[in-house]
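Here's a quick tour of one protein model, sorted by topic. Have the viewer open and follow along.

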Amino acid sequence: MRKMEWAARADHLGGVPRKLVFLAVGALSKAVVNLFNTTTVYNVETLLRLVRSRPSGVPLLTVSNHMSTMDDPLMWGLKDFPITDPKLGRWVLAAEDICFKNSMLSYFFRLGKCIPITRGAGIYQEHMNEALDYLRDGSWLHTFPEGKVCQEDAPIRRLKWGTASLIVRAPITPIVLPIVHNGFDKVMPEKYIFGRRPPFPLWNREIRIVIGEPMIFDIPKLKPRAVEMSRDLSFSSVGWPNTTPCGLDEAAQRCLYKIISERIQVAMEDLRNAASSAGKTFLKARN
């Protein structure tokens with residue numbers, strides 16, 4: 001059963017509640033990113049092009065690191081970015097235990113095009129099927145494939161396979177766009193006052209957002225490699241369906257998701273290094 005799915009529909013109450021949420025959250029995000037903090041963005045043209053004018057029916061899947069509970073929506077508060085337009089706005093996977101703790105929060109986040117994901121419930125949980133439905137419609141979906149917030153200056157962690165499974169299972173393979181940012185951990189630190197987050201985003205911080213280049217995965221070509229790898233794979237089955245649209249058994253699915261996840265992780269790590277280098281150059285120029 002999909003939680004409060006009716007509130008996520010575009011025609012709910014004529015679309016007015018969704019428009020109000022996007023307007024309010026979008027205005028706050030733009031203020032935090034552009035007025036209260038110093039933000040540098042690299043390659044924003046690629047993101048704008050794919051959000052506004054990618055081929056009809058082709059879904060977009062953006063992926064990023066996860067440095068704070070405010071990454072989304074703040075990372076979309078860029079200058080000239082249509083964050084207040086609910087038609088162009090992303091769908092995003094959101095932790096059920098944080099964003100959907102009660103009816104009021106659930107209603108708000110559903111209006112904001114958030115999909116509740118139960119951590120630990122696996123990649124075939126019902127709300128992953130909901131995310132797949134939006135990709136099937138050619139929509140834009142954002143995920144945090146690391147799976148949780150990490151505020152350490154450390155390499156990109158091993159990615160969860162949920163994102164890769166959506167890429168494989170989508171009827172039309174989505175365009176994948178990696179994004180890496182830093183600075184949001186300073187805007188919304190996990191431990192600020194008495195070991196808790198601040199009640200509102202902080203100001204006078206440096207934010208950097210590096211947008212990569214589109215990644216296209218040729219799933220038919222990757223499948224034989226996954227099948228070959230799976231022949232020597234030893235694992236404990238968790239009961240994944242053996243009959244899936246991708247036509248692979250659980251062992252081959254695992255290998256295919258691993259291949260895709262590792263490629264995305266490498267791309268994200270390259271962007272992380274670029275963001276770090278850009279930050280050092282920026283600080284050197286200021287001094």
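N204 is exposed, since its relative accessible area is 65%; here buried means under 20% relative accessible area, exposed over 50% and partly exposed in between, with a 1.4 Å probe and protein chains only. A heads-up before going further: this is a predicted model, where local features need pLDDT of at least 70, side-chain atom pairs count only at pLDDT 80 or more, and totals for chains, interfaces and linings use all residues. Residues are numbered from 1 along each chain as its sequence is written, and side-chain values use heavy atoms, with hydrogens and water left out.

- N204 isn't a glycine, yet it has a positive phi of about 60°. You'll find N204 in the loop between α8 and β7; helices (H or I, at least four residues) and strands (E, at least two) are DSSP runs, numbered from the N terminus.
- N43 is another non-glycine with a positive phi, this time about 65°. N43 sits in the loop between β1 and α2 (44-53), and it counts as partly exposed because its relative accessibility is 24%.
- The peptide bond from D72 to P73 is cis, with omega near 25°. P73 belongs to helix α3 (residues 71-74).

**The sheet**

- Seven strands make up an open sheet with mixed pairing, in the order β1-β7-β6-β2-β5-β3-β4. β1 (38-42) and β4 are at the edges with a single partner strand each, so one side of each has no neighbour in the sheet.
- From one strand to the next, the twist averages 25°; axes are lines fitted to C-alpha atoms, for helices over the stretch in contact, and angles run from 0 to 180 degrees between N-to-C directions.
- Two strands count as a pair if DSSP finds at least two bridges between them. Strands of a sheet pair through backbone hydrogen bonds, either parallel or antiparallel.
- β2 (residues 60-64) and β5 run parallel and are joined by four bridges. L61 has L141 as its bridge partner in β5.

**Strand β3, covered on both sides**

- How many residues of strand β3 (residues 91-95) are buried? Five of its five are, so to speak a mostly covered strand.
- In a regular strand the side chains alternate between the two faces of the sheet. For β3, W91, L93 and A95 on one side are buried, and V92 and A94 on the other are buried too.
- Two bridges link β3 to β5 (residues 140-143), and these strands run parallel. W91 stands opposite L141 in β5.
- Four bridges link β3 to β4 (residues 114-117), again a parallel arrangement. V92 has C114 as its bridge partner in β4.

**Helices against the sheet**

- In α6 (residues 126-136), the buried residues are H127, M128, E130, A131, L132, Y134 and L135. They pack against β2, β3, α5 (103-111), β4, β5 and α7; contact means heavy atoms within 4.5 Å.
- A131 counts as buried because its relative accessibility is 0%. Leaving out residues up to four places away in sequence, A131 touches L93, I115, L141 and L166.
- A131 and V92 are 39 residues apart along the chain, with their C-alpha atoms separated by 8.3 Å.
- α7 (residues 162-169) lies across β2, β3, β5 and β6 (175-182), and runs at about 165° to β2.
- G26, in helix α1 (residues 16-36), is buried because its relative accessible area is 1%. Leaving out residues up to four places away in sequence, G26 touches V21, I83 and T84.
- C-alpha to C-alpha, G26 and D80 are 12 Å apart in space and 54 residues apart in sequence.

- Which residues make the nonpolar surface patch of about 500 Å²? L35, F36, F200 and W203 do. Areas come from the Shrake-Rupley method with a 1.4 Å probe, and for residues only the protein chains shown count as cover.
- Patches are made of residues with over 30% relative accessible area and no salt bridge, joining like charges within 9 Å and nonpolar side chains (Val, Leu, Ile, Met, Phe, Trp, Tyr) within 5 Å. A salt bridge is a side-chain nitrogen of Lys or Arg within 4 Å of a carboxyl oxygen of Asp or Glu.
- F200 is in the loop between α8 (184-187) and β7 (206-211), and it counts as partly exposed because its relative accessibility is 44%.
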